[in-house]
There are 10 protein chains.
Amino acid sequence: MNKMILEEFDRDDLTAMILRAKKRARLGWAEIARKIGMSPTWTHSAATGMNAFPSEKARAFVELLGLPESAVDLLVESPLKVWEQTVPTDPCVYRLYEIVGVYGPTIKALINEEFGNGIMSAIDFSLEVEREPNPKGDRVRVTMSGKYLAYSNW
Amino acid sequence: MNKMILEEFDRDDLTAMILRAKKRARLGWAEIARKIGMSPTWTHSAATGMNAFPSEKARAFVELLGLPESAVDLLVESPLKVWEQTVPTDPCVYRLYEIVGVYGPTIKALINEEFGNGIMSAIDFSLEVEREPNPKGDRVRVTMSGKYLAYSNW
Amino acid sequence: MNKMILEEFDRDDLTAMILRAKKRARLGWAEIARKIGMSPTWTHSAATGMNAFPSEKARAFVELLGLPESAVDLLVESPLKVWEQTVPTDPCVYRLYEIVGVYGPTIKALINEEFGNGIMSAIDFSLEVEREPNPKGDRVRVTMSGKYLAYSNW
Amino acid sequence: MNKMILEEFDRDDLTAMILRAKKRARLGWAEIARKIGMSPTWTHSAATGMNAFPSEKARAFVELLGLPESAVDLLVESPLKVWEQTVPTDPCVYRLYEIVGVYGPTIKALINEEFGNGIMSAIDFSLEVEREPNPKGDRVRVTMSGKYLAYSNW
Amino acid sequence: MNKMILEEFDRDDLTAMILRAKKRARLGWAEIARKIGMSPTWTHSAATGMNAFPSEKARAFVELLGLPESAVDLLVESPLKVWEQTVPTDPCVYRLYEIVGVYGPTIKALINEEFGNGIMSAIDFSLEVEREPNPKGDRVRVTMSGKYLAYSNW
Amino acid sequence: MNKMILEEFDRDDLTAMILRAKKRARLGWAEIARKIGMSPTWTHSAATGMNAFPSEKARAFVELLGLPESAVDLLVESPLKVWEQTVPTDPCVYRLYEIVGVYGPTIKALINEEFGNGIMSAIDFSLEVEREPNPKGDRVRVTMSGKYLAYSNW
Amino acid sequence: MNKMILEEFDRDDLTAMILRAKKRARLGWAEIARKIGMSPTWTHSAATGMNAFPSEKARAFVELLGLPESAVDLLVESPLKVWEQTVPTDPCVYRLYEIVGVYGPTIKALINEEFGNGIMSAIDFSLEVEREPNPKGDRVRVTMSGKYLAYSNW
Amino acid sequence: MNKMILEEFDRDDLTAMILRAKKRARLGWAEIARKIGMSPTWTHSAATGMNAFPSEKARAFVELLGLPESAVDLLVESPLKVWEQTVPTDPCVYRLYEIVGVYGPTIKALINEEFGNGIMSAIDFSLEVEREPNPKGDRVRVTMSGKYLAYSNW
Amino acid sequence: MNKMILEEFDRDDLTAMILRAKKRARLGWAEIARKIGMSPTWTHSAATGMNAFPSEKARAFVELLGLPESAVDLLVESPLKVWEQTVPTDPCVYRLYEIVGVYGPTIKALINEEFGNGIMSAIDFSLEVEREPNPKGDRVRVTMSGKYLAYSNW
Amino acid sequence: MNKMILEEFDRDDLTAMILRAKKRARLGWAEIARKIGMSPTWTHSAATGMNAFPSEKARAFVELLGLPESAVDLLVESPLKVWEQTVPTDPCVYRLYEIVGVYGPTIKALINEEFGNGIMSAIDFSLEVEREPNPKGDRVRVTMSGKYLAYSNW
């Protein structure tokens, strides 16, 4: 590759820069999210290239972490969402995959019973991760909210 | 296979019998669940062989749907949880798989930030599916609650 | 399996019965579709278990093809949409897979350019297959129409 | 690798250069396409290495974006069309894969009914992506047109 | 499955019937092909469900092998061409797969050099298998002939 | 990697050098093949690392394209033949894979009928690609010739 | 399936019959092989459908085990050699797969060094399994002998 | 990566250095093996990172090929044996895979018949590759010898 | 399949018969194991077809569970050990797979450090599962013991 | 990538630095583990990026091996646990995979029998590798201890 190609950074480089800047700034995702006025889950996914920033949020984020101006252009692009492991190996992520395997047909059956012939959107969708205090040991609560989409007939 | 083997039904036969009996009885999962004192998500997953019934719940369930007495023995067994599609094709189930692919690393990062080095349990775990009324179109809310498990060091 | 399980037919049996009845009746999909007031593509996919019938359409379909009354119950259920070949081998279907491989990123780029950060729905969606007369040899025209869904930010 | 090998850029480098030049020029695919007299879908796929440019179009494209003269040689070559994800993970592209899985057999059945024993070509083929205005929310329309090819008997 | 479903045979049953009838009649594929006026390769592939018979050929074939009249209906249908082994294990078939792996890019390069930007059709296509006498040991000659299809630009 | 390792080029580098030199020399494969006295298909496959050159052919090839002397050593080695896509995605190569899927069992059946219990060799093997003029559009003819190998019994 | 199809047994049925008959006759593979004048490895592979019997050997085998006359027809056919596990799970078979993984490139390198540019045939091939007495524990010796096949150049 | 990491070579670099040094020294594996007092198969596999050298053999090998002193440390390590192709594509290696597919169950059956319930070790194991002169064409003989290991019962 | 084939049961039928007989007899694996003088883990694996019974143990087992005499023949055979899920989905079994993924390289490194260049045998091997009382919640202890096998050099 | 990105090392670089430093220091894992007050298995897995260090252990480890101060930050992070081979090829690791395949269902059955409906945790988990002296050849003992986790019902 020649100079012309190498002169700027790409989205993966940017993700690495963001993680490094965040560590230097000693900021958590919850704090970053609050400062740019978004939720922590959205902020993490957009920062790591799984969602696109609206431009004003991109500028706030770039300023907060001291990233180069040109990072804004990359942050607002619709990313190509790619994951390489069909079955994730990390235990924390695998448990979510296992939940889909075990409870996927249950979720489908209850959506069909309650709403009719349709699905939960993964696009008009939001997600929260919270601590659920519990005397037997605190719990992780993951809440997903997606618009119900009915199949069309034509 | 000879008579000795064929004389009883296996777990898959039982699931088919349950679905048929449910249809004949014109009962929804929510109603069945209420009558046996469990949640709809757990009831569906246990009825379709993805969880084991405690014996008193098995008896109530068998009575409610008019299943043979011997079904209790199968319902209380710890099932071997098997799914055949590594990547589910049904659109309603696939969207959940996609959510794990897109947001799995985000959920992991926020669990680590909030709780430390550990995961959300998929065993000491519960799940609800609810309707979320919304003027722009109602939404599906899926809530997962799993005990936080810290990695041990030794 | 005992009598209790075998007494009715399942969705795959129904599909076989439909194809047989259609052949006996010497009806094409276009004609069946017209008679029940739906499009040919939707009618074929619903008849072969890839979409759910509204109940009045199910009754019209059952009457038209002389199927058993109990078929209505199966036709109106939300089917579990399953395909077994990750990469389809039939040449006619493979060409569609190839088009997704070759032009998928192009379609994504143009949707993003025209609409913003979102996708084409495959649920609020319809599809037509038509003949396109052409002096150099007639062409097949496949038209897909899906609602634009914008990613939510939260 | 020695100097001799590194002195020029390859097709992947060229794609990166094109995307960068397009961003600097603040041009959309529709505008680029119009300026070289081709459609936006073809222009995007050829620019990103999924189709070969006729030489006059290659020269117009190179001039428009200020690419090096030697890019013409690469643009006119028949590319080896490669995609690495058997099942695409990006939601926008996956929906197209899902459509093939759900409706592929339907499209085949209707082609066979209308045309006979044959397929839609993916080579003598064109594709358009358009906005379909709709009061309930605009829609994406994807139109495919491929020559009908009859199987030969011999 | 009930009577209604079982009353006729399907395409796989028919293939088994054909192979059995051929063995009883002590006929080779070359001889069968000659009697129905087609080539041996086409005749074998159509008889085993990988091509569709024109109706007069179907009738001649059914008569020759003494198959039931109703077999004609199945023989003339456009079959769904399915193979289950992504990489074939049978040594005779694997060698063909190996040839595609080793020489596929060579065949592509020479087609592009000789014809331009296009491919060899596998639909408007024929195939012969012949003995090539040779003093060092006879050889198998496989000849493929497919129409050249140029990529369209639009 | 240190200097010692980087001082020479490997087989992949050589392939890149060959393709570059061929383009600079404005030579087609047919012409190169004629000048070294081999067929175009063999020449392409050997040049791109899918066959080994006899040493005199290697020297003629190196001289013709102005490659470094040391390339001869690499050209005469028995290459490890590797392809990375189990199912090729390029349409021109995929059609060959499809032909093996559709017609592989047919080719096997006809070899067994004509020769007995054995296969066509892919090692004592040659291949040609030719233009077949045809008023309805020229055709590509691919001819394979492999020694018949009988299974041994012991 | 109707009567016509079920009236005879297929190759898999025959293998089951052979294993049952062998057990009833209390014969080992070595003894069966000696009685029909072949080696034990060939006899086992042919009996289980991985090789074709010459007709006189088929008749001797059928007589020895008291199989139905019609079994001869199946035993002499060229079988389609199919195995379903890409990576075998049985530990005894897996060790052979592991040997190919670890030592495959070594065997290739030494064949190339000793013979030139070619391979060991798996068709003109034989195999023996023997006991190798050893004071530290007897050993299994597997000897493979395949004709050297040189790649042709053309 | 910084200087600290790059200052030495890793096992893959070493393999490349060995192959280069062997070529410069114009030595075959048989000759190298003889000079260090080991067999050619073991020597090749250990040199290419599929076995560990005893330290005195490592020193002899390093001296013979003029490798850096520090190579000894890498040569004596237990390598992580990795192969990337589940099904090998190189024809010479594939034939070995095919032999395991076709004859694996036969080898297992004969080991069980001769030795009892156990396997051939792939660890306490050796392998030779030899030329078998034959008037019809020389043959490759591969001899494997592995300790019989009986399954334990407990 | 005809009568001759169906007259006896196969290994899978036997496993089903064993599980049914065990349930009728209200016996646990620990109790069965004690009565035949083996460990519970071995008894379960042999009963479900993953190990072979010595003949006296087979007779004791058959008598204890009231199985047919002919079951002894099947129980003493060396089973072909097959599992169908490359990655197990059942959460209890998956955790073991995960442990191999996370700690496999660690176990290898410590075996190499302690014993030298070799492995732990999975054939000369035994396994126990025990309860480990613990005030914070009892634990499962799995103990594996396999003979150390050194790689041979030759 | 620009300077900003390259200025520090990542987790893979750190693993390489650790292995190099360990070799220079001539320390075994057992000795390193003892010096930082942890077990050898945990120490190896944490050092190679499969577990997170508590901060005081990270500091002790960094000091012991003379690593840069900034390594502490990386050592205390919750790693994303990734393995690339679904089925491990290294013989020492594969044997563990094989044990899961053969004995996984046995371990599950005995956990269910002894504890009820639940699993062994792989998170609240520890592992030891020890030498088991034995006159017939020393053995490797692998002991796993994981908290029993009961499935919740809700």
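Chain H is superposed on chain G by a rotation of 180 degrees with 0.0 Å of shift along its axis, at an RMSD of 0.0 Å. The two copies are therefore related as by a two-fold rotation axis. The model is a predicted one.

**Symmetry of chains G and H**

- Within chain H, Thr143(H) has the C-alpha nearest the axis, at 2.2 Å from it.
- Of the interface residues of chain H, 98% are also interface residues in chain G, so the copies meet through the same surface.

**The contact of chain H with chain G**

- On the two sides of this contact are 57 residues of chain H and 56 residues of chain G.
- Five elements of chain H give two or more residues each to the side that touches chain G: helix H3 (29–36), helix H4 (40–47), helix H7 (91–115), strand S1 (118–132) and strand S2 (139–150).
- H7(H) supplies the largest share of that side of chain H, with 23 residues.
- Sorted by class, the side of chain H that touches chain G holds 31 nonpolar, 13 polar and 13 charged residues.

**Strands paired across the two chains**

- Strand S2 (residues 139–150) of chain G pairs with S2(H) in the antiparallel sense, over 9 bridges.
- Within S2(H), Gly146(H) is the residue that stands opposite Val140(G).

**The contact of chain J with chain B**

- Chain J and chain B are also in contact, with 21 residues from chain J and 21 residues from chain B.
- On the side of chain J that touches chain B, the largest share is 7 residues, and it comes from strand S1 (residues 118–132) of chain J.
- By class, that side of chain J has 10 nonpolar, 10 polar and 1 charged residues.

**Two packed helices in chain E**

- Two packed helices are described by the angle between their axes and the distance between the axes.
- In chain E, helix H3 (residues 29–36) packs on helix H4 (residues 40–47) at an angle of about 95 degrees, and their axes are 8 Å apart.
- H3(E) is therefore roughly perpendicular to H4(E).
- H3(E) makes the contact with Trp29(E), Ala30(E), Ile32(E), Ala33(E) and Ile36(E), while H4(E) makes it with Pro40(E), Thr43(E) and His44(E).
- The residues of this contact of H3(E) with H4(E) comprise 6 nonpolar, 2 polar and no charged.

Technical notes. Residues are numbered from 1 along each chain as its sequence is written. Chains are lettered from A and ligands numbered from 1 in the order in which they are written. This is a predicted model: local features need pLDDT of at least 70, side-chain atom pairs count only at pLDDT 80 or more; totals for chains, interfaces and linings use all residues. Two residues are in contact if their C-beta atoms, placed from the backbone, lie within 7 Å. Helices (H or I, at least four residues) and strands (E, at least two) are DSSP runs, numbered from the N terminus. Ala, Val, Leu, Ile, Met, Phe, Trp, Tyr, Cys and Pro count as nonpolar, Asp, Glu, Lys and Arg as charged, and the others, Gly among them, as polar. Two strands pair if DSSP finds at least two bridges between them. Copies are superposed by least squares on the C-alpha atoms of residues with pLDDT of at least 70 in both. Axes are lines fitted to C-alpha atoms, for helices over the stretch in contact, and angles run from 0 to 180 degrees between N-to-C directions. Angles under 35 degrees count as roughly parallel, over 145 as roughly antiparallel, 65 to 115 as roughly perpendicular and the rest as oblique.
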